[in-house]
Structures are given as C-alpha cells and as structure tokens.
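Subject: Structure handover and notes

Dear colleague,

Here is the structure I promised to pass on, with the sequence alongside. My notes on what was found in it follow below.

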Amino acid sequence: MATVTLDNIRKSFGTDEVIKGVSLDVADGEFIVIVGPSGCGKSTLLRMVAGLETITAGELRIGGTRANEREPMDRDIAMVFQNYALYPHMSVAQNMGYGLRIKGLPKAEVAAKVRAAAELLQLSELLERKPRQLSGGQRQRVAMGRAIVREPKVFLFDEPLSNLDAKLRVQMRLEIRELQAKLGITALYVTHDQVEAMTMADRMIVMNEGRAEQIGTPLDVYERPASLFAAQFIGSPSMNVIEAEGREDGMHVGDMLLPNPTGARGPVMLGLRPEHLVPAPDGPLALRVLLAEPLGANTLLHGMLAGGQNFTASLPGVHTTGGAEVLHLGIAPEKMHVFDKQTGRRLG
Amino acid sequence: MARQVTGMVERHGMGLWLTHLVMIAGVLVIFFPIWLAFVASTVTQPEIVRPPMPVWPGDRFVENYTAALFSGVNVPVLVMLGNSLIMAVGIAVGKIIISLLSAFAIVYFRFPARNLFFWLIFLTLMLPVEVRIVPTYEVIAGFRMLNSYSGLIFPLIASATATFLFRQFFLTVPDELAEAARVDGAGPMRFFWDILLPMSRTNIAALFVILFIYGWNQYLWPLLITTDPSMNTIVMGLKQMFPSGDDVADWPVIMATSILAMIPPVVVVISMQKLFIRGLVDSEK
Amino acid sequence: MGAGNRPPVPPMEKRVTFKGWLLPLCLIAPQVVISAVFFFYPAGQAVWQSLFIPDPFGLKSQFVGLENFEYLLGDPYYRASFATTAIFSTLVTLAAMIPALFLAVMADRLVKSAGVYRTLLIWPYAVAPAVAGVLWLFMFNTRVGVVAWYLGQLGYDWNHVLNEREAMGLVVVASAWGRISYNFLFFFAALQAVPRSIIEAAAIDGARFWRRFFTIVLPLLSPTTFFLLVVNIVYAFFETFGVIHTITSGGPQQATTILVYKVYSDGFVGQDLGSSAAQSVILLVVVGLLTVLQFKYIEKRVHY
C-alpha cells in the first residue's frame with residue numbers, strides 16, 4: 001500500500017511543454033481519476049508515473065521515496081492499457097503470469113497466484129484460452145488480472161473501458177471500483193469520460209492543456225467548479241456560459257436582470273447548469289425555444305436568450321412547446337457560477 | 001479469400017463451361033514443358049533421339065532416376081541436391097536472422113547513426129549480385145571461400161527486403177505490448193525473444209518460403225564460385241551435364257535431374273501456398 | 001490478401017523505445033558488416049576498376065579516367081547489347097503479363113474452382129529460370145526437340161542455334177513462362193479485391209463483360225499493372241541470366257547477349273576487367289533508376 005506524490009511534475013518534448021507543473025498528493029488506497037479532453041496531457045502524466053515517459057522536471061514519490069529514475073518494473077506499479085496489450089500468442093494464464101516468471105518466481109507459485117487472481121475475476125474457466133478467443137469484457141478482466149497478480153502498490157489505468165460497449169462499461173465501472181476497494185490499492189485512472197470520472201473517483205483532477213484545472217471530489221467539482229473549463233467539462237448537458245455584467249442591482253444579461261450572489265462588478269462570465277433552471281412565469285430569463293428533445297425523465301430545451309446567446313435548459317418530465325415559444329425561467333442564486341472574464345477562474 | 005458471390009454478373013451454362021475450357025487449356029499449355037520433361041525422364045535415350053518422342057511416360061522411371069541420383073554426369077545428383085539444400089536453407093535462415101535483428105534494432109531503439117545504417121541497408125536493394133559479380137568474386141577469392149558453402153551463402157545473405165518486411169511488421173505491433181512488457185520487467189532481448197519473435201511466426205514462415213526459393217534458384221553465383229563439381233548446386237549443375245562439342249546429351253538423366261531440381265521448391269510452394277502468396281504479396285510491397 | 005485490404009499504413013516511428021546504444025549496434029552489426037563486405041566494397045571496387053585498364057599481363061593497371069566508359073559507349077557490340085536488352089525485356093514483360101492477366105480474368109469469373117486453378121498455375125514460379133531454360137531447350141532442340149520436330153513436319157525449319165530471331169523468341173518464351181504464374185497471382189489477388197458493387201453497378205448500367213473489363217476493371221488494376229511492369233522489367237534485366245546461359249549462351253552472333261550476360265562474358269570469359277567493371281557501373285545506374293521508379297509506385301499506392 002502506498003501514497004503517490006507528484007511534486008510540480010513537468011514534461012517537455014523538445015521545446016514543447018506538454019505538462020506544465022502538476023502537483024498532487026494521493027492518499028493510500030485512494031482512487032484518483034484524471035479526466036480531460038484528448039491532448040490535455042492526462043495519458044502522458046500517467047505514463048510518467050508508470051515510468052514509460054521520463055520526467056523532465058519535478059519529483060515523483062511512490063510510497064514516500066523518489067521514483068523518477070526507477071524502471072517501470074521497480075516502481076511497484078501495474079498498468080491496464082486502453083487496448084489491454086495482452087500478448088496475443090500467450091494463453092490467459094501465461095499473460096497473467098509473465099511478469100512473475102520474469103521476476104524468477106517458481107512455477108508453482110506463479111500458477112497459484114494466477115489461479116487466485118483468476119478466481120477473483122471469474123476467469124478460472126478461461127485460463128487456457130488465447131486473447132483472440134475472448135470477448136472484450138473478458139480481455140479487460142485478463143488485463144486487470146495481469147495487474148493484480150503482481151500485487152502492486154499502485155494501479156494505473158489508461159482509459160481501460162473506452163473499447164467496450166456502453167452496457168459493459170457500466171458493469172466494468174462497478175467491478176473495477178469494487179475490486180480496488182477490496183484490495184485497497186491506490187489507483188490512478190485516466191479517462192476522457194466525465195461520467196466515469198464522476199462515478200468512480202474519490203477525487204479527480206480535471207486537466208486542460210497540461211495543467212490541473214481543479215483537483216477535488218466529484219461533487220466539489222460539480223458544485224464549485226474552479227474554472228470555466230472545469231465547469232463546462234463536467235456535467236451533461238454542459239453548463240450554459242453567457243456573458244453578463246455585474247452591477248449594484250444585480251447581474252445584467254442583455255435586458256434581463258438576475259441576482260448577483262457574489263457581488264461581482266463589471267463584465268463576467270455567468271455559468272448556469274441546464275438542470276438547475278426552473279420554469280417560473282415571472283423568472284428573469286426569457287428563452288425562445290427552437291428545439292425540444294424529450295428524453296423521458298426530462299426534456300432538453302435548446303434555444304436563444306433574448307440577448308441572442310445560445311442556451312439550454314433541462315426540465316423534469318415531458319415538455320412540449322409550440323414552435324418559437326418563449327419560456328420564462330428562474331434559478332436559485334446559490335446555483336449561479338460567476339467566472340472572471342479574462343482568466344476564467346471562479347469568482348467568489 | 002473466396003468471395004461469396006452469386007447473382008447477375010456470374011456466368012452460367014455455356015459461358016461458365018467456356019471459361020473452364022480456357023482455364024484448362026491455359027493450365028495444359030503452362031504445364032506442357034514440365035510434362036514433357038517428366039516423360040523424357042521415364043524413357044530410354046533412343047526413344048528421345050528418334051523424334052518424335054512419346055507423349056506418355058515409359059517404364060524407365062526407376063532406372064533413370066537411380067542413374068541420376070547416384071551417378072549423374074559429373075557428380076551424383078544427390079550431392080548437388082544436398083548442396084542446393086544447404087545453400088537455400090542457409091540463405092533463408094541467415095537472411096531471416098540478420099534481418100530480424102537489424103529490424104528490431106531500427107524499430108525499437110534510437111542510437112547513433114541509426115538513419116545512416118537504415119539507408120545503407122536500403123541501398124543494398126540497388127546492388128543485385130548480377131551487377132557486382134567480378135569484384136564480389138574477388139572478395140570471395142580473397143577470403144579463400146571459393147568452392148565453399150560460406151562462399152555460396154554469405155554474399156547473398158544481406159537482404160534489404162526482409163529487413164523492410166520485418167520493420168513494417170514491427171511497426172504494426174501495438175506500442176502498448178512493449179510497454180506492458182516493460183512494466184512486467186522484460187528487457188529488450190527478453191521482449192524480442194518472448195513476445196516479438198512468437199508474434200512474427202507467420203511472417204517468418206512466409207518469408208522462409210520466398211527466400212528458400214530465391215536461394216534454391218540461384219544460378220549465376222554458384223556458377224562463378226563452384227568450380228569443383230562436388231560443390232555444384234543442382235540448378236547450376238544441370239547445365240554442366242550437357243556435353244561440350246558434338247556429343248549427344250544423356251537426355252533421360254538430364255531430364256530426371258531437371259525434375260529433381262524443381263521438386264523441392266514446388267513442394268514448398270504448393271504445401272505452403274497460403275503463406276507463400278502472403279509472403280510474396282508482402283515482400284513486394 | 002490483395003491490394004485492397006491491407007492493414008492501414010503503419011506509423012513511421014515507435015512511441016516507445018528501449019534505452020541504450022550498444023545493444024542495437026550489436027544487433028544491426030551482422031547486416032551492416034555483410035552489406036559492407038559483400039555489397040559496398042565490391043560496388044566500390046567496380047567503380048574504381050572502371051577507371052583503370054590492366055596491362056596485358058595483368059600485373060599493373062593504368063588509370064584511364066572515363067576512357068572505359070567512352071570506349072563502351074562507342075562499342076557497337078555494347079550498343080547492340082543495349083538494344084537487345086531493351087527488346088528482350090519488353091518482349092518478356094509483355095509475354096509474361098498479358099497471358100497472366102487473361103488467365104486471372106478467367107479465373108476470377110469462377111467462384112469455387114478458382115483456387116484449384118491457382119494451385120496448378122503457381123507451379124512454374126517455383127521452377128528456376130535455368131531449369132526453365134533446359135525444359136524449353138529440350139522442346140526446341142534442333143535434334144531431339146518435339147516442338148522443333150513437329151515444326152519441321154509442317155515445313156518450318158526451326159534452328160535457334162543459327163537463327164537470331166528464333167533464338168530471341170525462345171529465350172523470351174522460356175523467361176516469360178515461369179513469370180506468368182507470378183503475375184497471375186498478383187492480378188488474381190487484385191481482381192478479387194475489386195469491389196463487387198462496382199462491377200454490379202456497371203452491369204446495371206448495361207456494360208457487357210469485356211466492356212466492363214476495359215472501362216472499369218482495367219483502370220482499377222492500374223496500380224498492380226504498373227507495379228508488375230517495373231518488377232518484370234527488373235526480372236528481365238537481372239534474373240534471366242540462367243535462361244540465356246542454358247539456351248543460347250548469348251548467341252548466335254551475340255543476338256541474345258543482354259547487359260548482365262555481357263558483364264559476365266566480358267569479365268569472366270573475356271577477362272576484360274576494366275570494361276566489365278564499367279558495365280557494372282552502368283548497370284548500377286539502371287538498377288538505381290528502376291528502384292526509384294518502384295518507390296514512386298509505392299508512394300503512389302500509399303496515397304491511394
């Protein structure tokens with residue numbers, strides 16, 4: 001069991017800095033999800049922890065000791081790859097036991113450990129099969145099994161579920177979480193899927209362009225996004241962001257006047273989650289609905305505000321609108337997010 | 001590769017039979033020289049020298065082949081077969097080994113002068129043995145490798161084609177496999193041996209078929225460096241069985257030898273047809 | 001297999017590499033050493049020797065600059081050999097490609113039995129050019145050859161030992177014979193890769209078989225055809241030595257002496273090293289051009 005510490009980690013390819021100083025303390029047994037759009041550096045960060053990429057600057061500590069220079073095999077980590085990276089010519093048992101055999105463990109011991117892991121993952125029946133004879137979910141399990149038998153201090157997951165279909169993904173999400181909790185192993189998990197991040201993480205890092213936009217629990221990030229980027233990346237449908245101006249009497253959006261919970265002054269960006277809007281005949285927001293998408297439990301209403309800005313509202317139940325209807329909406333002041341127009345950082 | 005097709009564009013009735021007829025005629029024409037050689041290898045010399053020779057096999061199969069295999073003309077054909085086998089296998093195995101190693105180095109490492117070496121290997125494509133025969137002969141003579149297996153094999157062993165084929169294949173192997181191996185604690189040679197090599201099995205086999213035939217069918221090079229009949233390969237030794245001057249050639253034995261000369265490569269090609277076609281199409285990419 | 005369903009073009013470089021430089025140098029060393037000793041050194045020697053003329057006793061050489069080349073290019077025999085090579089390789093390429101294409105088109109119309117014909121047709125590919133030469137020599141031998149005898153019965157006096165045209169015809173056919181198999185395999189694979197829907201669309205448009213063939217299929221085959229063109233020319237230039245050596249030994253009156261054969265006969269039989277080396281250098285240039293052509297083709301295919 002181990003803690004992982006990233007201390008101002010940086011990575012450059014030539015003159016191109018792709019990780020611009022990330023710091024993070026991972027507690028023992030904690031499940032950390034690194035989430036962000038493609039190209040944000042999340043995989044690079046994980047691969048630096050794994051030892052597959054060199055660390056340009058900063059310090060990585062695993063279990064309290066510096067690990068920057070250690071080979072992957074000496075870091076006490078195990079990694080599950082996006083495409084599983086199973087050795088195609090080896091059976092399931094051989095795949096899982098390969099690392100142990102290299103370590104020089106006796107055959108019997110390797111076999112016992114492989115059997116135990118297989119049992120845990122319900123792979124016992126499949127031990128003699130080749131990877132190509134397995135379904136996607138089974139391959140995923142084998143990849144996990146390969147990680148488990150090594151009894152590592154840290155699990156690293158690189159988008160492990162992105163090759164599975166939607167239903168299996170939900171199931172595997174649960175399984176991974178349960179397994180990690182049962183084994184109590186510290187885990188770093190990379191994904192671009194914000195639902196995975198929300199459902200699995202103890203804490204998550206929202207990454208953008210090589211920086212950590214926010215580090216916090218899923219609810220933290222959802223309820224108090226630290227930046228415009230984090231605000232828009234987490235949550236579906238994503239948060240409405242509109243230009244507004246804060247004055248003494250409230251927040252002005254075109255002709256509309258909303259409360260000003262932070263007391264900000266001057267031009268700001270105002271963030272309103274679609275699901276926090278409520279219909280109110282005397283509400284301050286006038287939305288001209290252009291398209292209604294009934295999803296069953298709720299309805300998405302896309303349209304334009306009086307000021308001409310695109311806007312989406314998500315209302316519970318079924319809502320039908322006759323074309324070009326103007327809908328009046330309100331929002332609780334504590335659900336309003338105000339961001340600096342220049343820096344995109346949260347105000348208040 | 002069989003396509004499941006039926007439907008309007010397919011031929012029926014007359015058209016279909018006509019197509020079969022054309023194919024059969026084509027096969028017969030293509031096969032005719034081989035058939036004739038086989039017939040000639042089963043009849044007596046007088047039957048051949050008084051044309052027209054028969055078109056159906058005679059009863060001298062055993063005698064002629066025994067004569068060829070164990071006495072031959074200059075040297076028993078069995079000896080030449082052995083030489084050909086050693087040369088063909090030597091070239092195929094040698095090329096595969098050095099190409100695997102160099103392709104592995106080029107793909108999986110970054111080292112000084114890597115590009116220079118890559119281009120050097122590439123340039124050997126432009127230097128077929130036919131173009132550099134005299135100086136290569138001198139090199140072999142200088143090493144005292146005339147009339148030796150190493151002399152037959154080494155000058156033909158460096159192959160840019162095989163190196164490129166393996167390089168191409170290695171590049172399609174997912175990066176994650178090498179990473180997984182590193183996480184599992186495998187060093188480069190361990191990765192090469194445990195993972196890359198087993199994964200290359202089909203490519204190696206396909207290439208072996210192509211290279212075996214390449215080696216077996218060599219003519220000019222063995223002609224130059226094997227002056228001792230006991231070092232002749234069968235493909236080049238065949239020509240040496242013709243008498244100089246006006247003597248009449250021993251046709252049944254010569255034709256039996258040509259049949260023997262084509263059996264090993266034909267067997268390899270037919271029995272490994274799928275691999276062979278794959279190797280052919282891949283290696284010419 | 002086939003031109004159509006290749007894996008996508010792989011990346012040019014690996015993301016992951018192993019560390020160290022000594023190990024890779026050791027790994028690449030065997031190939032580099034063999035290439036250096038048996039390829040680059042001899043090629044360099046050829047260039048070097050092409051600038052000298054050895055004295056009649058072979059004791060020392062005199063530097064003559066480009067004189068060997070000047071002499072060669074002025075030599076009617078060498079120029080004749082160039083012309084012979086051009087004619088020979090054109091004929092071999094045509095004789096090897098046209099029947100192959102025809103047979104492949106026929107085989108492509110057959111669904112179930114195509115594989116059987118393919119198995120039968122790939123035989124000759126495995127037959128060495130030199131052995132092919134002996135087979136054809138046997139059929140056309142002026143004394144015992146069956147075909148020559150039947151031609152005689154028809155009143156045609158076949159004699160490739162004396163008749164230059166007949167000699168050329170025979171080496172062309174013997175050289176092209178095994179190559180038909182090779183070309184057949186490639187054409188057949190390419191035909192199988194032509195999408196069925198395109199053919200059916202053409203059929204619906206009312207195009208009959210041969211019209212479909214010339215207006216739709218043949219253009220789709222053009223990458224394969226171009227590739228085979230280059231490969232067959234290379235074959236005719238460099239790999240037919242065995243055929244010529246067994247059948248005609250370059251005769252009669254050098255009528256079948258192609259460039260590679262001349263390098264051999266001048267260098268080994270005539271012992272004219274300077275000239276042979278100069279010829280080697282010229283051939284090097286030819287191979288270079290053909291290789292560049294081949295790579296142009298690969299580039300073209302990549303961009304498809």
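I begin with a helix pair in chain C, where helix 3 of chain C passes helix 7 of chain C in a right-handed crossing. Please keep in mind throughout that this is a predicted model. Helix 3 of chain C covers residues 76–109 and helix 7 of chain C covers residues 164–192, and the two pack with their axes 6 Å apart at an angle of about 40°. The residues that form the contact of helix 3 of chain C with helix 7 of chain C comprise 22 nonpolar, 3 polar and 2 charged.

On the side of helix 11 of chain B the contact is made by Val209(B), Phe212(B), Ile213(B) and Trp216(B), while helix 14 of chain B brings Pro264(B), Pro265(B), Val268(B) and Val269(B). By class, the contact of helix 11 of chain B with helix 14 of chain B has 8 nonpolar residues, with no polar and no charged ones.

As for the division of chain B, the assignment gives domain 1 (13–70) and domain 2 (77–281), and the centres of these two domains of chain B, taken over C-alpha atoms, are separated by 32 Å. Contacts between them involve 16 residues of domain 1 of chain B and 13 residues of domain 2 of chain B. On the side of domain 1 of chain B that touches domain 2 of chain B, at least two residues each are supplied by helix 1, helix 2 (45–49) and helix 3 (61–70) of chain B, and helix 3 of chain B gives the most, with 6 residues. That side of domain 1 of chain B divides into 11 nonpolar, 4 polar and 1 charged residues.

Also in chain B, helix 6 (residues 133–142) has as its buried residues Ile133(B), Val134(B), Pro135(B), Thr136(B), Tyr137(B) and Ile140(B). Helix 6 of chain B is followed by Arg144(B), which has a positive phi near 55°.

Turning to the contacts between chains, 90 residues of chain B are in contact with 90 residues of chain C. Helix 1 of chain B (residues 13–40) provides the largest share of the side of chain B that touches chain C, namely 11 residues, and by class that side of chain B has 67 nonpolar, 12 polar and 11 charged residues. Between chains A and B, 16 residues of chain A are in contact with 14 residues of chain B. Strand 6 (77–80) and helix 2 (92–103) of chain A each supply at least two residues of the side of chain A that touches chain B, with the largest share, 4 residues, coming from helix 2 of chain A. The side of chain A that touches chain B divides into 12 nonpolar, 3 polar and 1 charged residues.

Chain A itself has 8 helices and 20 strands, and its C-alpha atoms fill a box of roughly 75 × 45 × 35 Å along the principal axes. Of the 348 residues in chain A, 40% are buried. Among the contacts in chain A with a separation of 6 or more, 64% are between residues 24 or more positions apart. The domain assignment of chain A gives domain 1 (4–226) and domain 2 (237–340), and 39 Å separate the centres of these domains of chain A, taken over C-alpha atoms.

Val149(A) lies in helix 4 (residues 136–149) of chain A. Beyond its neighbours within four places in sequence, Val149(A) is in contact with Met96(A), Gly97(A), Leu100(A), Lys113(A), Val114(A) and Ala117(A). The C-alpha atoms of Val149(A) and Arg115(A) are separated by 9.3 Å, although these residues are 34 residues apart along the chain.

With kind regards

Definitions and conventions: Residues numbered from 1 in each chain as written. Chains lettered and ligands numbered in written order. Predicted model: local features only at pLDDT ≥ 70, side-chain atom pairs only at ≥ 80, totals over all residues. Buried ≥ 20, exposed ≤ 12 C-beta atoms within 10 Å, placed from the backbone. Contact = placed C-beta atoms within 7 Å. Nonpolar A, V, L, I, M, F, W, Y, C, P; charged D, E, K, R; others polar. Domains from an automatic or database assignment. Axes fitted to C-alpha atoms, helices over the stretch in contact; angles between N-to-C directions. Left-handed = near helix turned anticlockwise from the far one by under 90°.
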